Amino acid sequence: MRFKVKGGLRPRPKIGGDYPAPEKGPSLKPASRPSVLQEPVLVLNATFEPINVTAVRRALVLMLKGVAQAEELNSHDVHSATSAVSVPSVIRLLSYRHIPQQTRALSRKNILLRDRNTCQFCGRVFPASELTLDHVMPRSRGGHSSWENLVACCYHCNNRKGDRTPEEAGLHLVKRPRPFTLHTSRQLMRLIGRQDAKWRKYLFY
Ligand SMILES: [Zn+2]
């Protein structure tokens, strides 16, 4: 299972945020599989507190800049023009960054992430392209665009609901929509981390 983890927990310089979107950086070519640079890396604060997930490419840039160091390695190497670099599985920032308890930016991407690409009415999982955002209380009825009023919704349920409240349409929310907090991020990190034993000791505490 793959989740895009985007920004929000975003001190400067950026410590993640663009996973797994490609980004500019040193020209690093994977030694074996082409996907190595896109693999997830757990980012720890200087205090070993997990704060984000990024991609190998970004993690290597942070290490090259001296912002972070590897705490755990995965089994791959990445070759630059002149040298081979071990690929991290977990990195740690060398200086502590304050991570505000604020919620993430309200965006389609973050709402789909919070709702794990699950239609909040029928409970089925869809690709992002087959999901839309639904205003639980329709805008025409005074509903706001907020974390508490926007949910991931498949087109079928969206059509069925139309300009009505869930009750009027005979639909029920799978769960009450909440803001995307650090707690939500941790849950996502744990979901991703299940696939990597090296993450576990940092995530399950
Ligand atoms: Zn649905």
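The model is predicted, and local features need pLDDT of at least 70, side-chain atom pairs count only at pLDDT 80 or more, and totals for chains, interfaces and linings use all residues. Residues are numbered from 1 along each chain as its sequence is written.

Me: What makes a run of residues count as one of the helices or strands of the chain?
Reply: Helices are DSSP runs of H or I with at least four residues, and strands are runs of E with at least two, numbered from the N terminus. The chain has six helices and nine strands.

Me: Why is strand 7 called largely enclosed by the rest of the structure?
Reply: A residue is buried if 20 or more other C-beta atoms lie within 10 Å of its own, exposed if 12 or fewer, and partly exposed in between, with C-beta atoms placed from the backbone. Seven of the 10 residues of strand 7 (residues 84–93) are buried, so the strand is largely enclosed. Of the 205 residues of the chain, 32% count as buried.

Me: How do you know that strand 7 pairs with strand 4 and in which sense?
Reply: Two strands pair if DSSP finds at least two bridges between them. Strand 4 (residues 40–44) and strand 7 have three bridges and pair in the parallel sense. Val 43 has Ile 91 of strand 7 as its bridge partner.

Me: What joins strand 6 to strand 7?
Reply: Eight bridges join strand 6 (residues 68–79) to strand 7, and the two run antiparallel. Leu 73 stands opposite Pro 88 in strand 7. A hairpin of four residues also connects strand 6 to strand 7.

Me: What makes a set of residues a nonpolar core?
Reply: The set consists of buried Ala, Val, Leu, Ile, Met, Phe, Trp, Tyr and Cys residues joined through C-beta atoms within 7 Å. The largest such core has 22 residues, and Val 43, Ala 59 and Ile 91 are among those that touch the most other members. Helix 1 (56–64), strand 4, strand 5, strand 6 and strand 7 each give two or more residues to this core. Its largest share, five residues, comes from helix 1.

Me: Which residues does Ala 59 touch, not counting residues up to four places away in sequence?
Reply: Two residues are in contact if their C-beta atoms, placed from the backbone, lie within 7 Å. Ala 59 touches Val 41, Thr 54, Ala 68, Pro 88 and Ile 91.
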